[in-house]
Protein chains: 2
Amino acid sequence: MFTDDYFMEIALGLAEEAADEGEIPVGAVVVCRNRIIAKARNQTEQLNDVTAHAEMLAITAATQYLGGKYLTDCTLYVTLEPCVMCAGALFWAQVGRLVIGASDAKRGYSRIEPSLLHPKTRLETGVLATESQELLTKFFKRLRT
Amino acid sequence: MFTDDYFMEIALGLAEEAADEGEIPVGAVVVCRNRIIAKARNQTEQLNDVTAHAEMLAITAATQYLGGKYLTDCTLYVTLEPCVMCAGALFWAQVGRLVIGASDAKRGYSRIEPSLLHPKTRLETGVLATESQELLTKFFKRLRT
């Protein structure tokens, strides 16, 4: 039951919530021993804050929950490839594993420098990538009409 | 009166406050038309949050004050060269001008990729660099004894 698809589905649900609120649809969950300890969606418009990406809010919420600054035993699921800011935050948090949905050809950290993540972070990409990309495409199409 | 040294002195005062609280001493101020609209110091230990760097907190505070997401007409002063996460945030905020104190040979964004900042951001480095570096050296020396 607790597969990468399972947790990414939950992140996708959060991305859909973001879209409903007029936000670029990105969702993130942090999982520790098969338990979700943080959920977040992109809230940059709502909070009027460019730093309020789903990953940043998820890292802050997860470390608050754990009472420690590091996420070495956790997996962070995010529906879209993190940007440089979020990759930098994931480095500081020393996240144990990062699972990404769609890649981001324009703003993804890997276009700048694939080694931005912490050397101990294990990486998995392309999980429910099509579903995540469809959400984004639909959102931007609606914005332009 | 409103020189780069003047505002960097204020950022240095915030860095000293951070040191007094057991935090790595880094301070930041955001200035808009010679007016300080945000002040922040590194609070990662206190807030138990790796994202709570001085620059991140200053960006959030400044955009809250302005009621807009961008800092195109502002200057951000920071006593230590931003890391990759903070450079990414400064990119998103489109900060008009960035003034840096000491450079960071280990974790500074420019070691990874000097072009992480927004193309419109004007950059000034080395303002009161010695004073900022001295604060950091003193802090780490005290930590080790």
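This is a predicted model: local features need pLDDT of at least 70, side-chain atom pairs count only at pLDDT 80 or more; totals for chains, interfaces and linings use all residues.
Let's begin with the contact between the two chains. On the chain B side, 29 residues are in contact with 29 residues of chain A. The size of an interface is often given as the accessible area lost when the parts come together. Here, the area buried between chain B and chain A comes to about 2400 Å², and carbon and sulfur atoms give 64% of that area.

Which helices of chain B supply at least two residues each to the side that touches chain A? They are helix H2 (54–66) and helix H3 (84–93). H3(B) gives the most to this side of chain B, with 7 residues. Taken together, the residues of the side of chain B that touches chain A divide into 14 nonpolar, 10 polar and 5 charged.

Now pick out Met85(B), which has its place in helix H3 of chain B. Met85(B) counts as buried because its relative accessibility is 0%, and the cut-off for buried is under 20%. For a sense of scale within chain B, Met85(B) and Phe7(B) lie 78 residues apart in sequence and 23 Å apart in space, C-alpha to C-alpha.

Next, turn to the strands of chain A. Strand S3 (residues 74–80) of chain A and S4(A) run parallel and are joined by 5 bridges. Within this pairing, Val78(A) stands opposite Ile100(A) in S4(A). Is strand S4 (residues 97–102) of chain A buried or exposed? Here 6 of its 6 residues are buried, so S4(A) is largely enclosed by the rest of the structure.

Strand S1 (residues 27–32) of chain B is joined to strand S2 (residues 35–41) of chain B by 6 bridges, and Gly27(B) stands opposite Arg41(B) in S2(B). The hairpin of S1(B) and S2(B) has 2 residues between the strands, and in this hairpin Arg33(B) takes a positive phi near 45°.

Key:
Residues are numbered from 1 along each chain as its sequence is written. Chains are lettered from A and ligands numbered from 1 in the order in which they are written. Side-chain values use heavy atoms; hydrogens and water are left out. Contact means heavy atoms within 4.5 Å. Buried area is the accessible area (1.4 Å probe) that two parts lose on being put together, summed over both. Helices (H or I, at least four residues) and strands (E, at least two) are DSSP runs, numbered from the N terminus. Ala, Val, Leu, Ile, Met, Phe, Trp, Tyr, Cys and Pro count as nonpolar, Asp, Glu, Lys and Arg as charged, and the others, Gly among them, as polar. Buried means under 20% relative accessible area, exposed over 50%, partly exposed in between (1.4 Å probe, protein chains only). Two strands pair if DSSP finds at least two bridges between them.
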